[in-house]
Number of protein chains: 2
Amino acid sequence: MTRPTSRDVATAAGVSQATVSLVLGDKWRGRVSERTAALVREAATRLGYRPNLAARNLRLGSTRTALLVVPALTNEFFARVYTGAARIAAEHGFGVVLYPSPDGTGPARDPFASARAALDGVIASSMAAGALDAIGGAGLPLVMLDSDPTAGRAAAHVNLAMADGMRQTAEHLLGLGHRRVLHLASAVDTWTFDIRAEALAALLGPHAELRTTRSTLTVDGARTATERALTVPHDRPTAIVCDDDILAAGACKAARRLGLRIPEDLSVTGFDDLALATAVDPELTTVHLPAERVGEQGMTALLSVLDGTPWTAPDIPVHLVVRDSTGPAPA
Amino acid sequence: MTRPTSRDVATAAGVSQATVSLVLGDKWRGRVSERTAALVREAATRLGYRPNLAARNLRLGSTRTALLVVPALTNEFFARVYTGAARIAAEHGFGVVLYPSPDGTGPARDPFASARAALDGVIASSMAAGALDAIGGAGLPLVMLDSDPTAGRAAAHVNLAMADGMRQTAEHLLGLGHRRVLHLASAVDTWTFDIRAEALAALLGPHAELRTTRSTLTVDGARTATERALTVPHDRPTAIVCDDDILAAGACKAARRLGLRIPEDLSVTGFDDLALATAVDPELTTVHLPAERVGEQGMTALLSVLDGTPWTAPDIPVHLVVRDSTGPAPA
DNA sequence: CCACCGGGGTAATACGTATAACTTGACTCG
DNA sequence: CGAGTCAAGTTATACGTATTACCCCGGTGG
């Protein structure tokens with residue numbers, strides 16, 4: 001009734017436990033005959049043997065498991081980061097366990113209290129500098145995604161070319177003749193949003209009038225913030241650059257509520273290219289972020305670090321996808 | 001440099017390893033004096049001791065870890081199921097590892113090959129009957145979410161009152177005077193969608209003309225399917241009941257492309273109440289599914305089963321949220 | 001004065017695996 | 001013919017923890 005162990009397989013095959021371990025671990029070149037190897041394998045499948053991972057992990061001193069820390073899984077972006085990381089992990093016989101970071105409502109303070117599995121390394125995504133401390137405690141190899149490369153003591157960083165995404169957006173809007181732009185920024189104060197604000201200001205400042213308003217990362221928050229920002233006596237912005245597709249969706253709703261047509265009266269751009277971007281009407285012009293690739297590179301970096309070889313790579317390129325929410329500036 | 005073990009703590013505190021284990025495991029009532037217990041704890045924190053989970057799991061023969069199998073994490077519904085399950089798990093010192101089911105593109109065939117952590121039980125969500133076999137192999141306690149309770153050999157089932165959700169939708173539309181209804185169903189052939197189709201047909205059939213068209217679970221697929229279904233010579237449906245908010249978003253885009261106003265010319269209802277439902281314009285009338293609660297109850301059920309006590313509970317209630325995408329049937 | 005008892009701890013062991021070190025017999029080569 | 005080599009295994013051990021069974025000693029009742 002209890003699960004068979006490698007010793008059970010050994011007695012069933014008439015060999016020693018060590019031989020079973022050698023055969024099933026594919027380490028028997030020239031150490032075990034083909035015939036007995038076949039015998040062992042047959043016995044293993046017949047008994048339905050599955051190695052006890054806990055025992056193996058203890059013996060090897062490694063679990064081939066990484067912890068991925070993300071702010072929130074319900075955000076499609078992070079779900080895709082996970083997907084990418086898990087794919088690469090699986091290709092290397094690694095597993096990934098998730099930990100929703102303290103930003104969420106989870107009560108667990110200690111990341112490692114909730115992660116029951118022993119861990120080999122940590123990948124942290126889009127974390128504020130402060131949140132890092134709680135994680136770093138264990139002294140595990142750490143890879144940071146989408147965060148300030150000059151801060152923290154991560155072994156590797158994986159970043160998206162956010163500034164370049166803003167450059168493409170700004171050039172697109174300037175090319176369409178927009179000269180009064182509203183930046184709908186996120187109220188969350190992380191590096192990834194700071195960098196966007198900075199880039200946009202530097203690029204647009206010299207050629208256009210740029211205002212900024214902030215909003216929580218929800219459709220409704222963005223709607224009210226936009227309504228407030230658009231109800232000005234004169235010189236209303238002709239374009240809104242949003243830090244996130246979610247904000248852009250809110251901005252569109254605000255515009256429609258104010259009787260403004262998109263893109264005839266107002267252009268709106270997003271960021272991320274979530275499924276949401278093509279679900280709304282009109283479809284959003286937005287900066288596509290290859291989220292899966294972020295996860296893939298993050299895991300690749302961690303594997304490399306665990307291997308002892310330092311890892312570095314250029315920022316992952318992003319590109320603007322022009323859809324129906326942007327058009328020529330109104331006269 | 002290497003991580004301290006319980007033995008290191010023992011020598012540092014001047015006691016035996018057994019004592020350390022007793023103190024840190026909170027099993028020392030009357031077996032160890034307060035004074036030495038304090039000594040041990042001090043040494044443990046000073047050395048930064050963290051128990052080796054692999055060793056503990058081996059010793060205890062249990063990992064306090066559950067596997068959650070979901071079709072796709074990028075679907076917000078399953079992300080929320082995970083969130084709920086993880087919360088309950090954390091409250092009981094359990095962990096949750098994810099496995100994206102074979103529906104996804106992941107190459108891993110064996111769920112347990114990718115889940116490096118040893119497992120105590122499995123929770124499977126919205127699985128087709130066939131996909132179960134691959135999972136059941138290991139003979140672990142199994143809880144099924146959102147699946148046919150009469151099939152499979154799960155120890156417990158957690159289901160939503162999908163049929164009742166359809167009843168509320170049907171009554172809402174009938175009350176608004178709709179008599180020609182299109183059911184935009186999912187092409188995915190799972191129990192959860194079958195039950196919806198059945199319920200809708202039974203409820204609407206006697207009072208209205210009901211047609212059905214199927215679509216892949218994407219906005220674009222739904223848009224084209226709807227466009228095709230709506231371009232009929234006469235007796236066009238006045239309402240569309242969608243199996244999913246994603247489909248509803250596609251239906252809305254199709255309507256607008258055909259020059260139909262929502263809800264004046266056409267009513268649309270969704271299912272799930274994803275963030276998408278309030279991001280689109282008009283906001284969707286949809287059946288709210290408490291996804292987190294599904295995850296919570298699933299984990300609760302698994303914990304109960306692991307505890308040896310069978311688990312059963314009534315279906316989780318759902319309710320229709322009336323927003324702006326439904327209105328009186330046009331004359 | 002001895003048997004007993006209970007508080008305060010310790011020694012020993014097992015969990016299941018991977019692997020280094022050793023054994024054994026057959027065969028080869030000088 | 002003896003030393004050496006090689007294939008084919010086996011024995012023994014360690015990973016770090018939790019727990020059972022034991023030990024020691026001071027006090028206490030008879």
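# Cores, a cavity and cysteines

The largest nonpolar core has 148 residues, and M299(A) and M299(B) have the most contacts inside it. A nonpolar core is a set of buried Ala, Val, Leu, Ile, Met, Phe, Trp, Tyr and Cys residues joined through side-chain atoms within 4.5 Å. Buried means under 20% relative accessible area (1.4 Å probe, protein chains only). This is a predicted model: local features need pLDDT of at least 70, and side-chain atom pairs count only at pLDDT 80 or more, while totals for chains, interfaces and linings use all residues. Residues are numbered from 1 along each chain as its sequence is written, and side-chain values use heavy atoms, without hydrogens and water.

- M299(A) touches A66(A), A85(A), I88(A), A89(A), V96(A) and I123(A), leaving out residues up to four places away in sequence; contact means heavy atoms within 4.5 Å.
- Another core, of 20 residues, lies apart from the largest one and includes V97(A) and L67(B).

**Second largest cavity**
- About 50 Å³ of space lies in this cavity, a volume being the space filled by probe spheres set on the grid points.
- A cavity is a set of points on a 1 Å grid over the protein atoms alone where a 1.4 Å probe fits but cannot get out, and lining residues have an atom within 4 Å of a point.
- Its lining draws on both chains, including D281(A) and D281(B).

**Cysteines**
- There are zero disulfides over all chains, a disulfide being a pair of cysteine sulfur atoms within 2.5 Å.
- The sulfur of C252(A) is too far for a bond, because the closest cysteine sulfur, in C242(A), is 7.4 Å away.
- C242(B) counts as buried, at 0% relative accessibility.

Technical notes: Chains are lettered from A and ligands numbered from 1 in the order in which they are written. Buried means under 20% relative accessible area, exposed over 50%, partly exposed in between (1.4 Å probe, protein chains only). On a 1 Å grid over the protein atoms alone, a cavity is a set of points where a 1.4 Å probe fits but cannot get out, and a pocket is an open set with protein on both sides within 12 Å along at least five of seven lines; lining residues have an atom within 4 Å of a point.
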